[in-house]
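Here is a short report on a protein model. Please look over the sequence and the structure before reading on.

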Amino acid sequence: MAEASRWHLGGTPKHKLHYRKEVEMRTTLQEFLLYLIFLINLCILTFGMVNPHMYYLNKVMSSLFLDTSVHGEERINFKSIRSITDFWKFMEGPLLEGLYWDSWYNNKNLYDLKNSSRIYYENILLGVPRVRQLKVRNNTCKVHSSFRSLMNECYDKYTSENEDLSDFGLKYDTEWKYSAPIINSPWHWGFTGVYRNGGYIFTLPKSKSETLNKFINLRMNSWITRSTRVIFIDFSLYNANVNLFCIIRLVAEFPATGGILTSWQFYSVKLLRYVSYYDYFIASCEITFCIFLIVFTTQEVLKIKEFKSAYFKSSWNWLELLLLVLCFVAVFFNSYCNIQTFLLLGQLLKSTEKYSDFYFLAHWHIYYNNIIAITIFFAWIKIFKFISFNKTMSQLSSTLSRCIKDIVGFAIMFFIIFFAYAQLGFLVFGSQVDDFSTFQNSIFTQFRIVLGDFNFAGIQQASRILGPIYFITFIFFVFFVLLNMFLAIINDTYSEVKADYSIGRRPDFELGKMIKKSYHNALEKLKLKKPETDEDKKRKSRDLAEQARREGFDEKEIQSAEQMKKWKERLEKKYYSTEIQDDYQPVTQQEFRDLFLYAVELEKELHYVSLKLNRVMRKVSALQY
């Protein structure tokens with residue numbers, strides 16, 4: 001008997017089971033604390049990259065070059081350009097005034113204009129601005145035979161195959177001669193096409209009067225023609241006060257339909273990474289990040305070696321791998337950006353008479369920022385791996401995993417109807433309503449309609465019959481029917497999961513309770529808190545009983561509740577304690593007897609509640625009659 005009492009009925013020693021569970025709990029807590037330190041370090045690193053002055057610098061520059069109107073014509077600014085005449089007015093007006101700040105407000109010169117130019121007095125213009133255009137060849141599109149006699153010129157939309165590579169116009173300056181594109185320069189994605197580098201390029205002089213004469217000469221000699229498809233205005237500036245570079249690109253697209261579509265890009269980036277003491281603190285965080293990355297990678301490699309193919313059956317392990325891949329990509333982007341900045345920055349700043357192409361560096365820094373943003377997003381998602389040991393979070397994860405099949409089936413039905421409406425909206429309203437101008441716009445517009453953001457007047461104006469029918473039926477089927485079906489699936493599954501947990505199912509261990517227990521144990525060891533004795537437990541029980549008497553419960557009900565509580569505690573200790581593993585354990589006769597008595601008491605309680613409900617229902621029926 002003594003030997004049997006040392007062993008659990010499943011064949012594993014109780015003290016070993018308890019030790020194994022304690023080790024698992026301690027390891028999980030250590031992993032959680034280590035990952036928390038990593039997450040804090042990553043947050044410091046990412047927030048250290050972002051400066052609030054980036055937004056203000058972009059806002060100031062956009063206000064200057066986009067919102068400033070042509071003198072005497074308040075309706076014309078860069079955003080409102082719609083014709084070639086408006087474009088030249090902007091070039092000779094707001095652009096010229098914005099790039100050349102000749103003097104202080106009292107007309108006093110502050111610096112030598114031959115060496116540097118400053119925008120808003122605080123931002124040094126790096127090098128000189130550059131203007132370039134891309135053109136297409138004549139006869140690149142097919143004209144219907146009925147109209148060939150009326151047209152001898154035809155210019156299709158821009159593609160690299162349709163691009164015009166021949167010189168034109170005066171042919172003696174660079175703006176009239178084609179320049180081949182640079183291989184490593186990124187392409188530009190515009191409204192009507194994707195444009196590569198190169199084209200017909202010229203830079204602006206340091207003098208304001210010379211630049212004005214340049215613009216007038218180009219305008220008089222028709223530098224912009226019918227074959228022009230896009231014009232880029234590029235320049236970069238540096239603000240030493242906040243250590244930020246601002247790379248600006250203004251784009252005017254000339255679609256084959258005529259007119260002009262304008263767009264712009266303002267990138268404020270920190271190319272000089274390590275200047276202040278805080279920057280060097282961020283550098284130490286980057287080194288710590290690399291150390292964490294090496295540690296986590298080693299851990300995952302060891303897990304893969306230990307579990308082999310079983311490792312890939314867990315969704316959390318896939319998240320770990322995704323996070324590691326994103327971290328390595330972020331490190332690669334960061335290293336590449338720093339190396340390119342080190343190699344190119346001195347070269348770009350060497351001559352103030354040439355254009356400094358910082359767009360390449362800004363482009364890669366934006367990619368790096370995007371990668372690190374996605375990385376920290378998934379880093380926060382991984383917190384759920386540790387929180388899932390909590391009862392509430394375990395219920396939520398169980399709900400999602402249990403209803404995933406129903407949601408997939410619902411999603412198929414939802415997107416069939418959703419895409420049908422999207423195609424209907426695109427075909428009916430696409431030529432008149434901006435929100436439905438493309439199929440992609442139609443899809444996102446319908447999501448906005450579901451959220452309550454819609455332009456019903458535009459839809460109705462586009463089609464007075466189909467517009468209201470489309471809107472009403474879409475709201476009815478998608479908003480009132482399908483979305484409520486989705487909520488019903490979630491609610492029904494959550495009710496089932498909650499019912500399962502209410503009858504005893506729970507996580508293997510709850511992290512919150514474990515931390516609380518460790519905290520109390522630490523206080524007791526430090527003699528800051530007295531351990532709870534049996535006398536304290538009895539006193540709490542007497543206090544609860546006294547409270548029940550004051551609330552009107554009789555002695556029989558109180559005794560029954562106390563008996564139920566004792567049975568419940570004994571059963572929980574036996575079946576849900578940390579000493580039990582998932583191994584199969586035979587049920588003894590005594591355990592079966594205890595469970596049977598517990599079920600009998602539950603049946604009595606349910607019968608008692610049923611009698612009370614019947615009595616109440618009879619009284620309610622008597623009052624009605």
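## Salt bridges

Glu-175 and Lys-214 join their side chains in a salt bridge, with N and O 3.0 Å apart. A salt bridge here is a side-chain nitrogen of Lys or Arg within 4 Å of a carboxyl oxygen of Asp or Glu. Glu-175 sits in the loop between S2 and S3 and Lys-214 in helix H5, so the pair ties together parts 39 residues apart in sequence. Glu-175 and Lys-214 are both buried. Buried means under 20% relative accessible area, exposed means over 50%, and partly exposed lies in between (1.4 Å probe, protein chains only). Helices (H or I, at least four residues) and strands (E, at least two) are DSSP runs, numbered from the N terminus.

This is a predicted model, in which local features need pLDDT of at least 70 and side-chain atom pairs count only at pLDDT 80 or more, while totals for chains, interfaces and linings use all residues. Residues are numbered from 1 along each chain as its sequence is written, and side-chain values use heavy atoms, with hydrogens and water left out.

Arg-226 is in the loop between helix H5 (208-220) and strand S6 (228-239). Glu-153 is in the loop between strand S2 (123-135) and strand S3 (188-189), and the two residues are 73 residues apart. Arg-226 has 51% relative accessibility, so it counts as exposed. Glu-153 is partly exposed, with a relative accessible area of 30%.

Glu-320 pairs with Lys-382 in another salt bridge, and their closest N and O atoms are 2.8 Å apart. This pair also links distant parts of the chain, 62 residues apart. Glu-320 belongs to helix H7 (residues 315-348). Lys-382 lies in the loop between helix H8 (359-381) and helix H9 (383-387). Both Glu-320 and Lys-382 are buried. Elsewhere, salt bridges with shared partners join Arg-130, Asp-234 and Arg-249 into one network.

## Aromatic rings

How many aromatic pairs does a search of the whole structure find? The search gives 56. Rings of Phe, Tyr and Trp (its six-membered ring) pair if their centres lie within 6.5 Å; planes under 30 degrees apart count as stacked, over 60 as edge-to-face and the rest as tilted. The ring centres of Phe-38 and Phe-292 are 5.6 Å apart and the planes meet at 65°, so this pair is edge-to-face. Phe-38 is in helix H2 (residues 14-49) and Phe-292 in helix H6 (residues 277-307), so the pair ties together parts that are 254 residues apart in sequence. Phe-87 and Trp-88 are edge-to-face because their ring centres are 5.9 Å apart and their planes are at 70°. Phe-87 and Trp-88 are buried.

Charges also sit over rings. The rule asks for NZ of Lys or CZ of Arg within 6 Å of the ring centre and within 35 degrees of the ring normal. Arg-249 lies over the face of Tyr-359, 3.8 Å from the ring centre. Lys-382 has its charged end over the ring of Phe-296, 5.3 Å from the centre.

## Helix H6

H6 has 31 residues, which should span 45 Å at 1.5 Å a residue; its end C-alpha atoms are 45 Å apart, which agrees. The expected span is 1.5 Å times one less than the number of residues. Buried residues in H6 include Asp-279, Glu-286, Phe-292, Phe-296 and Glu-300. Lys-308 follows H6 and has a positive phi, near 55°.

## Strands S7 and S8

Strand S7 (residues 244-253) and S8 run antiparallel, joined by nine bridges. Strands pair if DSSP finds at least two bridges between them. Ile-247 stands opposite Tyr-267 in S8. Seven of the nine residues of S8 (residues 261-269) are buried, so this strand is largely enclosed by the rest of the structure.

## Record and model

An unreviewed UniProt entry lists residues 230-252 and 407-429 among its "transmembrane region" spans. UniProt positions are given in the numbering used here, feature names are shortened, and annotations may be inferred rather than shown by experiment. In the model, residues 230-252 are 0% helix and 83% strand, with end C-alpha atoms 6 Å apart. Residues 407-429 are 100% helix and 0% strand, with end C-alpha atoms 31 Å apart.
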